Amino acid sequence: MKKGIKFKTSFLAFSCITLFTQSACGNPYPIGTPTQADSYFNQAERDASRGNIGKMYDYQEKMEGSSLEMYPEYWRLNQNLSTQTPQAIIDFVKRYEGSAIAEKLVADYAEAKARTNDYATVRQIAHLITNADASEACAIALGFNNTGDAMRAFIEKPNVWLNTFGKQPELCLKLASDMNKNPLISTDDREQRLYRMLRVDRSQDIIQLSGQLGVYLDQAQLSMISANPNNFLASFNALQPTASNRYLYLYALARLAKKSVGEAGMQFNYDLNQDNLRSEPFFDEKTRRYAYRTLGVARMNVNTDQGFSIEAVDWLQKSVGEPFNFEEAEDYAQAGIRFGRWQDVITAIGAMDHNTQSERIWQYWLAKAYQNSGDNSQKKQARQIFVKLAEKNDYYGLLAKDQIGQRLTQLPSNPPISNDDYQRLNQDENFRRAFVLYGLSANPAYTNREWNWAVKKARDKGDKGVIVAAAQQAHDIGWYDRSIYAFESSPEIANSATAYPMPFKNSVVQYSRQAGISPAWAYGITRQESRFNVGAKSHVGAGGLMQIMPDTAKYVARKLGEPYDAKLVTTGDTNIRYGTFYMSDVLNKFGGQMTMTTAGYNAGPNRATAWQPTYGTLPADQYVESIPFPETRHYVKAVMENTVNYGVLLGEGGQSISERMGTIPAK
């Protein structure tokens with residue numbers, strides 16, 4: 001066991017000296033050398049994963065006093081978490097206060113208890129959770145909402161009450177339903193949520209909310225309409241203009257729109273015309289606007305299959321006057337951006353809450369809208385926004401630089417790392433655990449959690465020096481993905497060259513040039529795909545530095561006239577050679593259009609083509625912002641940002657992200 005540890009440690013030192021030169025390994029107090037007690041971690045983790053929980057007592061004794069001593073007890077408690085007593089969890093958290101694994105145990109415990117409706121226990125341990133994610137925050141709020149503390153639960157209302165996003169945590173859906181009984185929820189709150197639940201087809205919520213509003217809908221009605229919305233809508237002329245019928249109409253329209261937005265749109269237009277002939281109109285302003293909202297959102301949700309349509313902008317514009325939740329406002333802004341409907345973009349951003357409006361994405365598009373459609377005062381304001389955004393070298397900062405005629409010519413320097421910074425890093429138990437686990441080649445789920453927690457705790461203390469020192473040490477030993485994470489999760493620290501490592505430089509430059517593409521772009525793709533983790537493998541089977549799918553690798557091998565070898569494809573050199581060839585191949589098919597090629601690398605060339613405009617051309621920033629897959633939208637932005645920064649580091653001259661992104665041609 002000791003021999004294995006010494007080998008790993010010496011390998012890290014060797015990597016540091018040979019790859020980065022000894023002077024680059026500047027930490028005079030390097031941390032992370034595993035001890036004999038630490039060395040039992042992987043064996044204990046394997047036994048725990050196999051259900052051999054009885055062995056955890058033995059490991060607990062062997063690992064006592066080590067950086068990782070809490071893990072055997074954690075695995076033992078976690079095996080039957082929901083059956084543990086609150087005191088057992090509290091005792092663990094107190095012994096290992098401030099550690100990542102203590103935070104995880106108590107947060108998971110709160111979720112487990114919330115799922116069994118044991119809200120008294122949730123409330124008892126809620127104060128021990130310091131970094132709740134969405135699901136954990138909902139578990140805590142459920143605890144308060146069901147034990148008489150309406151105000152503490154009400155804090156979560158903005159996050160769940162009008163949320164219509166499809167993949168919400170189960171506990172957040174439960175909280176939103178339970179909050180209907182919260183005395184701080186107003187009649188207006190209930191009505192706004194009811195309109196959304198009619199659209200997303202949550203029948204239990206529909207029945208509860210409508211009942212609170214004095215309108216009684218039942219499951220039989222909803223089931224019948226859901227099975228055949230056309231049948232209900234066909235009886236429009238016989239419907240009386242009652243509150244219940246208006247709600248049921250919107251429910252039927254939403255069900256039809258899910259099957260065919262076009263048919264639903266025609267049905268609604270026909271019914272509007274019919275309504276003009278009635279002595280007493282069926283549609284009041286609110287119902288009419290929410291009908292348009294239903295159609296507009298439904299139209300945006302089928303863009304992956306049908307392409308974008310100006311109808312979405314028109315329908316959403318006609319729904320203005322009723323409050324937008326975030327998803328609706330984002331849909332409206334995205335549709336407006338796609339078609340250059342700048343006044344609609346301004347209206348959509350204005351419908352977002354103040355914190356959302358302040359985000360860099362919406363500040364950029366507000367400035368772009370002001371620039372394209374505003375008066376002189378708004379154009380002046382647009383420039384002020386661009387100047388502020390351009391202070392950073394992220395995606396929107398780089399776009400803003402282009403708007404004010406600047407180019408990126410150099411990356412900021414790291415804050416100098418002092419001897420004191422390294423000493424504090426050496427004394428930081430959270431970073432110590434992360435580096436020890438890395439030295440043991442432990443399961444990345446544990447290693448990354450410890451690293452991310454250490455960065456968070458340092459960020460909470462405002463200790464930029466420790467974060468930069470840790471990121472530099474991680475960089476020096478080749479742990480690039482966590483070094484990058486330290487910079488990207490700490491917006492107060494500028495992304496220096498350390499945040500853009502260049503391992504395998506000779507191969508990347510050589511194969512990129514052979515393929516006729518920019519090495520900066522190849523690095524931009526690689527950084528986003530794998531964070532330079534050679535062994536990276538995705539859940540869909542993509543592998544290696546450039547995350548190449550097996551079918552893609554077979555295609556490239558045929559094009560290169562060589563036999564396909566699955567083992568070679570994931571190695572650094574072959575993976576880079578195949579990845580750069582494929583980038584070039586797709587780039588040529590897209591006529592040299594880098595933005596579309598980047599989208600195609602992630603989502604497939606056919607989808608990138610489907611997202612092209614039907615007529616005319618489209619600025620690339622508008623194309624990217626209207627990519628309907630959030631993952632691909634984020635991916636393209638990140639790759640283009642990476643590419644520009646690597647362009648500077650590789651000496652490709654002053655960089656303009658807009659020039660690299662180009663213009664998107666029509667299909």
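**View 1. Tyrosine 332 sits in helix H21, residues 326-338.** The model shown here and in the views below is predicted. Tyrosine 332 counts as buried, because its relative accessibility is 0% and the cut-off is under 20%. Leaving out residues up to four places away in sequence, tyrosine 332 touches Val313, Leu316, Gln317, Val320, Phe324, Asp344, Thr347 and Ala348. Valine 297 lies 35 residues from tyrosine 332 in sequence. In space, their C-alpha atoms are 8.1 Å apart.

**View 2. Helices H18 and H20 pack with their axes 7 Å apart.** H18 covers residues 285-300, and H20 covers residues 310-318. Their packing angle is about 150°. Angles over 145 degrees count as roughly antiparallel, so H18 and H20 are roughly antiparallel to each other. Their crossing is left-handed. On the H18 side, the contact uses Arg288, Arg289, Tyr292, Arg293, Leu295, Gly296, Val297, Arg299 and Met300. These meet Glu311, Ala312, Trp315, Leu316 and Lys318 in H20. By type, the residues of this contact divide into 7 nonpolar, 1 polar and 6 charged.

**View 3. Helices H4 and H6 cross at roughly 10°.** Here the axes come within 11 Å. H4 spans residues 70-79, and H6 spans 100-115. Angles under 35 degrees count as roughly parallel, so H4 and H6 are roughly parallel to each other. Met70, Tyr71, Tyr74, Leu77 and Asn78 of H4 make the contact with Ile101, Lys104, Leu105 and Asp108 of H6. The residues of this contact divide into 6 nonpolar, 1 polar and 2 charged.

**View 4. Asparagine 117 occupies the loop between H6 and H7.** Asparagine 117 counts as partly exposed, because its relative accessibility is 45%.

**View 5. Helix H11, residues 170-178, has buried residues that pack against several helices.** The buried residues are Leu171, Cys172, Leu175, Ala176, Ser177 and Asp178. They pack against H6, helix H7 (119-125) and helix H8 (134-145). Their other partners include helix H10 (157-160), helix H12 (187-200) and helix H13 (203-212).

**View 6. The largest nonpolar core has 112 residues.** Inside this core, Trp365, Phe431, Trp451 and Tyr623 have the most contacts. Helix H24, residues 360-373, gives the largest share of the core, 8 residues. Tyrosine 623 is in contact with Arg338, Thr595, Met596, Ala599, Ala608, Trp611, Gln612, Leu618 and Ile664, leaving aside neighbours within four places in sequence. In soluble globular proteins, nonpolar side chains tend to be buried together.

**View 7. Helix H26, residues 395-403, is largely enclosed by the rest of the structure.** Why is H26 described as largely enclosed? The reason is that 7 of its 9 residues are buried. Those residues are Tyr395, Tyr396, Gly397, Leu398, Leu399, Ala400 and Lys401. They pack against H24, helix H25 (376-389), helix H39 (620-625), H40 and helix H41 (657-661). Just after H26, glycine 405 takes a positive phi of about 80°.

**View 8. Alanine 638 lies in helix H40, residues 630-649.** Is alanine 638 buried or exposed? Alanine 638 is buried, because its relative accessible area is 10% and the cut-off is under 20%. Along the chain, alanine 638 and aspartate 205 are 433 residues apart. Their C-alpha atoms are separated by 39 Å.

**View 9. Arginine 531 is found in the loop between helix H33 and helix H34.** H33 covers 519-530, and H34 covers 550-560. Phi of arginine 531 is near 55°. This is a positive value in a residue other than glycine. Arginine 531 is buried, with a relative accessible area of 18%.

How values were computed. Residues numbered from 1 in each chain as written. Predicted model: local features only at pLDDT ≥ 70, side-chain atom pairs only at ≥ 80, totals over all residues. Heavy atoms only, no water. Buried < 20%, exposed > 50% of the residue type's maximum accessible area, 1.4 Å probe, protein only. Helix = DSSP H or I, 4+ residues; strand = E, 2+ residues; numbered from the N terminus. Contact = heavy atoms within 4.5 Å. Axes fitted to C-alpha atoms, helices over the stretch in contact; angles between N-to-C directions. Parallel < 35°, antiparallel > 145°, perpendicular 65-115°, else oblique. Left-handed = near helix turned anticlockwise from the far one by under 90°. Nonpolar A, V, L, I, M, F, W, Y, C, P; charged D, E, K, R; others polar. Core = buried A, V, L, I, M, F, W, Y, C linked by side-chain atoms within 4.5 Å.
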